[in-house]
Amino acid sequence: PYTRGIYPAQYQHQAWMNQQVLGYGQAEDTRERMDLLVKGGMKGYFGRHVFNLVLDLVSQAGLDPDDPEARGKVGQVGVHISCLKDLEILFEGLPLDKVNTIFIVGEPSICLLAMYIVYGESRGVSKQALGGNSMNYLLRGFNWDVAMFPPRNALKVSVELIRY
């Protein structure tokens, strides 16, 4: 019955939305873009702003920014997030209970979700009030030659995130 979307009334009452993927450089750089999008009238579903944040290669690989392998890669292909301070810079002053945050990252997704929950709770926002999702494709690393976990462990972590 739903041939034009996932809702019973389809998109007759609300137009399709094009949600931008963003993230580059340091947290300050990405926050500047987030503010520009909100100021420009960015909308999201259900009255929430939507931030689809892609993370840099260093964050995707789970590396410390001081690691020699990270040299020259911090902030490339996405925003660098490695600590709660980065989340503070990204979300300071934003109403977390009115934002959907999507972290587009593979293997460290469960760690990033935990950091986001801790950050939200430090601001007085319960984990139940936080909106968004976490990309749960830990097995993709084997296709891209960036696997962080052996296959059995990657599957176990993926299932734990679903269960959570």
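How much accessible surface does the protein chain have, and what share of it belongs to carbon and sulfur atoms? The accessible surface comes to about 9900 Å², with 56% belonging to carbon and sulfur atoms; such areas come from the Shrake-Rupley method with a 1.4 Å probe, and for residues only the protein chains shown count as cover. This is a predicted model, where local features need pLDDT of at least 70, side-chain atom pairs count only at pLDDT 80 or more, and totals for chains, interfaces and linings use all residues. Residues are numbered from 1 along each chain as its sequence is written, and side-chain values use heavy atoms, leaving out hydrogens and water.

**The chain as a whole**
- Welcome to a protein chain with 6 helices and 4 strands, which are DSSP runs (helices H or I, at least four residues; strands E, at least two) numbered from the N terminus.
- Along the sequence, the pattern reads β-α-β-α-α-β-α-β-α-α.
- Of its 164 residues, 39% count as buried (buried is under 20% relative accessible area, exposed over 50%, partly exposed in between, with a 1.4 Å probe and protein chains only).

**Helix α1**
- The buried residues of α1 are Ala27, Thr30, Arg31, Met34 and Leu37.
- They lie on the same side of α1 because they cover an arc of only 120° around the axis, taken from the directions from the helix axis to the C-beta atoms.
- These buried residues pack against β1 (21-22), β2 (49-54) and α3.
- On the face turned away from the buried side sit the exposed residues Glu32, Leu36 and Lys39.

**Val77**
- Val77 is not a glycine, yet its phi is positive, about 70°.
- Look for Val77 in the loop between α2 (57-61) and α3 (84-91).
- Val77 counts as exposed, at 56% relative accessibility.

How values were computed:
Contact = heavy atoms within 4.5 Å.
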